[in-house]
Amino acid sequence: MQRNIYKESQQLTEKYLEEQKSHYEYLEKREIETKRFRHDLRSHMEMLSVLAKERRYDEFDKYVEEINVNIDRFGNNVTVQNGIVDAIINKYYSEAIANNVNMEVKGRFPSDCKIDAYDLCTIFSNILSNALEATIEAKEKWISVECRYTDDNILVEVKNTFDNKNIARNGKMRTHKKDANNHGFGLENVKDSIRKYNGLWSIDIEQNIYKITIAFNYVRQE
């Protein structure tokens with residue numbers, strides 16, 4: 001039994017380390033694309049200036065559209081002023097757009113806090129993954145993410161719509177993921193990460209809206 005528990009724990013650790021790695025790679029790729037665009041920005045502006053002076057307005061409009069397309073590829077659509085959290089949120093923001101889900105992000109997360117990147121990844125990736133999965137199945141599709149903080153505490157609130165048929169008798173969300181046997185580990189890992197920072201969390205379900213609220217301290221509890 002101990003060997004099985006250790007094996008499951010090791011598999012979950014490897015899973016989240018891999019997910020954290022993918023988030024960092026996403027952030028790095030976005031930064032490289034941004035630098036490449038900035039490198040050529042002066043040339044683009046000079047070209048637009050020439051087209052405007054020569055009154056070649058059709059070409060001007062087309063050129064601006066091409067610039068906008070390249071900007072959209074950066075994926076930096078939303079920000080809460082924290083690089084790690086931004087990378088995770090934007091990943092699911094892009095997936096939400098692809099699935100016709102309206103995702104609103106507002107507020108700020110402290111840019112320099114004492115919460116480990118591993119825990120940030122665990123908390124946000126699990127919550128947003130579950131929210132997106134539930135919302136895709138709903139008739140009304142939207143997700144709301146709000147972050148705010150004081151000198152000592154951070155508050156995160158995520159709300160999403162869902163289909164009532166996906167609520168089990170115990171009040172938990174049913175999953176359609178292929179690894180359904182591992183469903184539930186994600187939220188348990190979120191709880192563990194929150195406890196490290198003397199945090200609290202709550203879940204509220206009202207009609208077809210699922211809300212999870214997290215509040216935790218900056219200082220990690222050993």
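Thr122 sits in helix H4 (residues 117–136), where helices (H or I, at least four residues) and strands (E, at least two) are DSSP runs numbered from the N terminus. The model described here is predicted, so local features need pLDDT of at least 70 and side-chain atom pairs count only at pLDDT 80 or more, while totals for chains, interfaces and linings use all residues. Residues are numbered from 1 along each chain as its sequence is written, and side-chain values use heavy atoms, with hydrogens and water left out.

With a relative accessible area of 2%, Thr122 is buried; buried means under 20% relative accessible area, exposed means over 50%, and partly exposed covers what is in between (1.4 Å probe, protein chains only). The side chain of Thr122 comes to 2.9 Å from the backbone oxygen of Tyr118. This is a polar contact, that is, a pair of N or O atoms within 3.5 Å; within protein, one must be able to donate a hydrogen and the other to accept it, and residues adjacent in sequence count only if both atoms are side-chain atoms. Apart from neighbours within four places in sequence, Thr122 is in contact with Asn189, Val190 and Ser193, contact meaning heavy atoms within 4.5 Å.

Stepping back to the overall layout, the protein contains 5 helices and 5 strands. Read from the N terminus, these elements follow the order α-α-α-β-α-β-β-α-β-β. Of its 222 residues, 35% count as buried. Among contacts with a separation of 6 or more, 67% are between residues 24 or more positions apart.

The strands come next. An open sheet of 5 strands has the order E1-E2-E3-E5-E4, and its pairing is mixed; two strands pair if DSSP finds at least two bridges between them. Because E1 and E4 stand at the edges with a single partner strand each, one side of each is left without a neighbour in the sheet. From one strand to the next, the twist averages 10°. E1 and E2 run parallel and are joined by 6 bridges. Glu104 is found opposite Ser144 in E2.

Helices lie across this sheet. H3 lies across E1 and E2 and runs at about 155° to E1, whereas H4 lies across E1, E2, E3 and E5 and runs at about 15° to E3. For these angles, axes are lines fitted to C-alpha atoms, for helices over the stretch in contact, and values run from 0 to 180 degrees between N-to-C directions.

What is found inside? The largest nonpolar core has 34 residues, and Ile89, Phe109 and Phe124 have the most contacts inside it. A nonpolar core is a set of buried Ala, Val, Leu, Ile, Met, Phe, Trp, Tyr and Cys residues joined through side-chain atoms within 4.5 Å. Two or more residues of this core come from each of H3, E1, H4, strand E2 (142–149), strand E3 (153–161), H5 and strand E5 (209–217). H4 gives the largest share, 8 residues. Not counting residues up to four places away in sequence, Phe124 touches Val85, Ile88, Ile89, Phe109, Cys147 and Val156. In soluble globular proteins, nonpolar side chains tend to be buried together.

The buried residues of H3 include Val85, Ile88, Ile89 and Tyr92. At the start of H3, a side-chain oxygen of Asn82 comes within 3.1 Å of the backbone nitrogen of Ile84.

Two asparagines in loops also stand out. Most residues other than glycine have a negative phi. Asn100, in the loop between helix H3 (83–98) and strand E1 (102–107), has a positive phi near 55° and is exposed, with a relative accessible area of 64%. Asn198, in the loop between helix H5 (185–195) and strand E4 (200–206), has a positive phi of about 55° and is partly exposed at 48%.

Finally, Glu59 belongs to helix H2 (residues 57–72) and is partly exposed, at 40% relative accessibility. A polar contact of 2.9 Å links the side chains of Glu59 and Arg56. Glu59 and Leu48 are 11 residues apart in sequence and 9.0 Å apart in space, C-alpha to C-alpha.
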